[in-house]
Amino acid sequence: MAKITDDSLATIEFILHWQSDNAGHTDSFLAKRVNIWRDIFPEKLLDKLKGAEAGDIIRLNFEPGTLVPLYSKSLVGEIPFRKFTPRTFGGIKITPSRGRFLPQGMLSGVIGVYPQTVTPMRILEVGEDSFLADFNHPFSKFSAVLECRIQNVAPKETETGGRLHHWAEEIFNYGPGMQAGLKDQKTDFLCKDFYARSDEKADNIFYNNPRLVGHVDSQASLNLKKIYSEYLSAGMDVLDLMSSVESHLPDDMNLNVTGLGLNMDELRSNPVLADRIAYDLNADSDFPVGDKLFDAVICSLSIEYLTDPVGVLKKAHEVLRPGGVLLIGVSNRWFPTKVTNGWLALHEYERMGYIRQLMELAGFEGEWGTDVIRNDWRPVTDKHYYATRGASDPIYVVRGRK
C-alpha cells in the first residue's frame, strides 16, 4: 500500500474537535487534492503525515494561536459609524448589533480593508456614535484536536499546474468559531422584518401540491444521517418536525418515527414514518401530538422557514422526555420565497449560534454542541455536480438536551 512521501497526492478528511462554554464542536472538512511537497500544513502535521497510508488516523493537539493567529487586544477597536456602510442582505438593512459577525468590507477608511473584504469582524458593543469591533479570528482563543483521516494516497505524476493550498486557511477561513456566543451576553440577532418573507401567503397554499424533492444532494443526506446516528439509539420514539418525503434518519435503528409536516401526500411518501400529522407550524406553533412523549425531536433543513421558532421549540421541549435530544440540521439550500429574511442575512456558521440562542429561549439550557461536514464528494450523477465543482452541500447540526 502506498505511503505518503513528498511525491504523493492524498485525500485527507480533517476533523476539528474543540470546546466553547459548555459545548462540544466537531467540524469535518474533506481535503481532496493534498500536494505533500507544495502545500502548507499546520505546525508539526507534515512530519506526522509522511509515511502514513490510506486508513491511518493522525491526531494532534493545538493550543490557541497555532492554527490561527493568537488573540490580541490590539485588534479590538472603536469604529465611528461614519466609517460603516450599511448593506442590504435578504431584504434587511444590516447595521452593527452586539455579537453579530459582519464582513470588514462594510468599513471604509480602514487600512487594509476594501469593499470586497469578506473577513469577519465581531461587534462587541454598540454606542450612539461608534461601535466596538473585534478583528481577531473567530477561533483565536480556542485550542483544538485536529484529527486527520487518510482516505487515499496516489503517486504524483507531474508538478505543473494546480494551486497551492494552505490547509489551515482552507479549514478556518469559512467560519469555525463563529458559532460560539459572547461570554455572558446574548447576540442581538433579531431586527426589523427578521421573520418577514418574500411570499407572506399561508404556507399551506405553497404546499397545497406536494413537493416531492430533496433539499440537499444524496451524499449530504447521508452525512446528515451520519451525524444524527451519533445521538440516537435503537428503538427511540422520534418526532420529525417539518417532515416531508425524507427524514434523513439512520435506517438500522428501528426508530418509531412520527412525522409532522405540511402536506399529507409528502408524508405518505416517506417510508420511515409510523404516524403522520399534517399541520402548519407557522399558523400555530402549539402543534398537536396528543399525550405522546419522545426521546428525540429532529428538524431537518426547515427551521429557516419558521416565523415563531421559539414557540415551536418550546413545544418540542414540552414533548421531549427528560434527557431527550433536539437535533436541528441545516444546509444552504431552501425554497427562496419562503425562507425568512433574517436567515439570509446570517453567515452560515453564525446561523448555528442563532439556533443555539433559539434553543436557550425555548428552555434548552444544558449541554449543547454543533457538528459540521463540508466539502465532501458530490455524486457525479447529481445534476448540480459541475456547478458545485463536485462539492456536496454542507451540513450543519445543532444539538441540545432537555
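**Reading the sheet and the cores**

User: In what sense do S16 and S17 pair, and over how many bridges?

Analyst: They pair in the antiparallel sense, over 6 bridges. Strands are DSSP runs of E, at least two residues; helices are runs of H or I, at least four; both are numbered from the N terminus. Two strands pair if DSSP finds at least two bridges between them. In this pair, Val 372 stands opposite Tyr 396 in S17. The model is predicted: local features need pLDDT of at least 70, side-chain atom pairs 80 or more, while totals for chains, interfaces and linings use all residues. Residues are numbered from 1 along each chain, and side-chain values use heavy atoms, without hydrogens or water.

User: In what order do the strands of the open sheet run?

Analyst: The order is S3-S10-S1-S2-S16-S17-S15-S14-S11-S12-S13, 11 strands with mixed pairing. S3 (57-62) and S13 (273-278) each have a single partner strand, so one side of each lacks a neighbour in the sheet.

User: What does H8 touch on the sheet?

Analyst: H8 touches S15, S16 and S17 (contact: heavy atoms within 4.5 Å).

User: Which residues have the most contacts inside the largest nonpolar core?

Analyst: Nonpolar side chains tend to be buried together in soluble globular proteins. A nonpolar core is a set of buried Ala, Val, Leu, Ile, Met, Phe, Trp, Tyr and Cys residues joined through side-chain atoms within 4.5 Å. Buried means under 20% relative accessible area, with a 1.4 Å probe and protein chains only. Here the largest core has 45 residues; Leu 239, Leu 241, Phe 287, Ile 303, Ile 328 and Ile 355 have the most contacts inside it. Helix H8 (350-361) supplies at least two of its residues.

Definitions and conventions:
Buried < 20%, exposed > 50% of the residue type's maximum accessible area, 1.4 Å probe, protein only. Axes fitted to C-alpha atoms, helices over the stretch in contact; angles between N-to-C directions.
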